[in-house]
Amino acid sequence: MSYTEEVYDRVVAQNPNEPEFHQAVKEVLDSLKIVIDANEEKYRAASLLERLVEPERIISFRVPWVDDNGKVQVNKGYRVQFNSAIGPYKGGLRFHPSVNQGILKFLGFEQIFKNSLTGLPIGGGKGGSNFDPKGKSDREVMAFCQSFMTELSKYIGADEDVPAGDIGVGGREIGYLYGQYKRLTGLYEGVLTGKGLTWGGSLVRTQATGYGLVYILDAMLKDHNMELAGKTVVVSGSGNVAIYATEKAQQLGAKVVAMSDSNGYIYDPEGIKLDIVKDIKEVRRGRIKEYVQEVPSAVYTEGKGIWTIKCDIALPCATQNELNLDDAKALKANGCFAVAEGANMPSTREATDYILEQGMLFLPGKASNAGGVGTSALEMCQNSMRLSWTFEEVDEKLQQMMNNIYEKISDAAKRYGVEGNYVIGANIAGFEKVADAMLAQGIC
């Protein structure tokens, strides 16, 4: 049995009932096998993989808060501080009923390699709660955020752990969390990213993950002598990532024909009218089906099925494991030639393997959605220097970052004889930097 197989078996045995974490670890270790096998003695001697797959620290706590009816509610809160070899922990907070320790471990593990790929000094972490902000009043959200931060504040700091937003945690939630942190500590520092522009936030942060996804997609297409202009694109989701991936794709000449939410999806053969989607989702906080009431050319379908729509490029931007093997087969049958992940691990392992076997182009999330955390790190830089860059300056840095990530993952794939396999390339390129730092710092 190989070293990577031994470590994976250990992960499964020691972390039962955490399938998403198992999936993330297996995908990474399978990709790294060619690197590990070539340096097995060195890595075994330092138990490098055993340390890599074990979080440095997991904080779990209760979050009591009072709802508008005066009833005390209790949620679970978490912070997984996974790896700080190359910098302070960095990763989002997710507020969603599906949140549990296993999902946050999967996200935190992925974050290690994603953060490494940005080229910036940030380690991997993730956190959140099973609290659902949907349907809650602003006062209830504030009460929850203040209680959550009262405990979390003990474990974070500008040079220790810098959370950001994720699903269910937008500008409103970050504001309440930051206000409580400042109140408790008396510190005005860059401890959270995704802050408002008037109090330490960065321009482009809202657009960063979606824009970054399209920038790296564009870099890959150009490397394969293609361009985005004129291509038909399907985007799943209608949250922050999906909206701004759609915006940038449209700016570069692509035609986005479908978007979705957890209830169903819309198909507009004339091209999505993004101003209407933004009004529904960002202003009214409504459902995507409302789009068809304003656009006669559009059709709404309840449930899943967005990947059956004919397209050239698919951008899964909703949630983990949303694109399965049958979806991948449907995309291939309908002429799709490229898939780039905007969400964290939105494709199942079977779907990813099929896409690669079919010779389709595929960009894994740890590379293609790194623009969000990369721009969060740029926000940290601005906070440390007590200055603000213009939209154009940050956007230029983001585009260069995504171009650099593409070059790194492409180069790593070529060096190990798997040219064009950006899954393996991303894992290797992310791993090499972290592994070198871990070895240099001794057993810790």
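In what order do the five strands of the open sheet with mixed pairing stand? The order is β1-β2-β4-β3-β5. The model is predicted, so local features need pLDDT of at least 70 and side-chain atom pairs count only at pLDDT 80 or more, whereas totals for chains, interfaces and linings use all residues. Residues are numbered from 1 along each chain as its sequence is written, and side-chain values use heavy atoms, with hydrogens and water left out. Helices (H or I, at least four residues) and strands (E, at least two) are DSSP runs numbered from the N terminus, and two strands pair if DSSP finds at least two bridges between them.

- Strands β1 and β2 (residues 72-83) run antiparallel and are joined by 10 bridges; Trp65 has Gln73 in β2 as its bridge partner.
- Helix α5 (residues 101-117) lies across β1, β2, β3 (89-95) and β4 (123-129), and runs at about 150° to β4.

**The seven-stranded sheet**

- A further open sheet, also of mixed pairing, has seven strands in the order β9-β8-β7-β6-β10-β11-β12.
- Its edge strands, β9 (299-302) and β12 (361-363), each pair on one side only.
- From one strand to the next, the twist averages 15°.
- Strands β10 (residues 313-316) and β11 (residues 338-340) run parallel and are joined by two bridges, with Ile313 opposite Ala338 in β11.

**Helix α11**

- Helix α11 (residues 325-333) has the buried residues Asp327, Ala328, Ala330 and Leu331; buried means under 20% relative accessible area, exposed over 50%, and partly exposed in between (1.4 Å probe, protein chains only).
- These buried residues fall within an arc of 160° seen down the axis of α11, so they line one face of the helix; the arc is that of the directions from the helix axis to the C-beta atoms.
- The face turned away from the buried side carries the exposed residues Asp326 and Ala333.
- Strands β10 and β11 and helix α12 (349-357) are among the elements that cover the buried residues of α11, where contact means heavy atoms within 4.5 Å.
- Just after α11, Gly335 takes a positive phi of about 95°.

Definitions and conventions
Axes are lines fitted to C-alpha atoms, for helices over the stretch in contact, and angles run from 0 to 180 degrees between N-to-C directions.
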